[in-house]
Amino acid sequence: MTTSDVIVIGGGVTGLTAAVGLAERGRAVRVVSRDPAGDTTSAVAGGLCWPYRVRPEERAVAWSLRSLHVLTELAARPQETGVRLVTGTMADAGDAEPDGWHAAVPGLRRAAPDELPPGYGAGWRARTPLVDMPSHLRYLERRLAEAGGTVQRRPFTSLAEAGREAGTVVNCSGLGARELVPDLAVQPVQGQLVIVENPGVQEWFGAADAHAETTTYILPQPYGVVLGGTAREGAWSREPDPATARAIVERCARVHPKLAHARVLAHRVGLRPARTAVRLEAERLPGGALCVHNYGHGGAGVTVAWGCADEVVRLVDGAGTA
């Protein structure tokens, strides 16, 4: 293989988006993933474009705004891309001044009192992308194939192994980076969801303290309403807990009472790949291959994916591997 060949490790939204960015710039890209896209953490995600549990904040906001722009464009073709623009409310316990994200989102405004559910004193109203993740992952795989990229299902035991097969390796292994790098700073943050039939919910709702183990969010998707959730640091189980599921439905029903009686379609658990800060940087592997790390996105994978992909492309181009 030549040094222009690129291997992207990881077939979730982060890896596929980075692979699309590279392939559409003419790189020969191969995504290597242990799991099919539908079995990755990304497929379980609720899909709201809004920064959550991701650091460093300044870079995360910049990445998020780039993704907001791209996803808004993709929302013009929802059947193809899995992206729609949906109005909703992000409840906020305080009256802090807008940060970089709030200041930049088009049309974002403070919610009026009659636009908030009981028990919430403040919030933001915005029309933002809401992504049907299984559909969006399939779209990314098709777009990658159209750009000449390929996908393989197999594991790598080390970055050095990948570096022997390509001149450039992009490490989007998520939680797998704990063993692959290895980087023990990557920790799981368990998220449990309940999917129910939609009793008429048209808008999304979220109330998520970045430091709390429980969250409340209601995301209307084509396949049902996604109800959440949890954010349990260090929890590795992927088995849904019945008591947790009941508590999730109860919290969401305080916002939309009809959800209390909606038929449950599925229970899901995903492990967010959290880190004190996203690792997005380049280094040389022992054999000389370039390795661009792009992992540790926590609960914001789809929200920052396109911004991070742009940075991956810059790092690869800047290394002189063209």
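A residue counts as buried at under 20% relative accessible area, as exposed at over 50%, and as partly exposed in between, with a 1.4 Å probe and protein chains only. By that rule, 54% of the 322 residues of the protein chain are buried.

The model is predicted: local features need pLDDT of at least 70, side-chain atom pairs count only at pLDDT 80 or more, and totals for chains, interfaces and linings use all residues. Residues are numbered from 1 along each chain as its sequence is written.

The protein chain has ten helices and 15 strands; these are DSSP runs numbered from the N terminus, with at least four residues (H or I) for helices and at least two (E) for strands. Its C-alpha atoms fill a box of roughly 60 × 40 × 35 Å along the principal axes. Contact means heavy atoms within 4.5 Å. Among contacts between residues at least 6 apart in sequence, 73% join residues at least 24 apart.

Helix H9 covers residues 242–255, which is 14 residues. From first C-alpha to last it reaches 21 Å, close to the 20 Å expected at 1.5 Å a residue, where the expected span is 1.5 Å times one less than the number of residues. Its buried residues are Thr244, Ala245, Ile248, Val249, Arg251, Cys252, Ala253 and Val255.

Definitions and conventions:
Heavy atoms only, no water.
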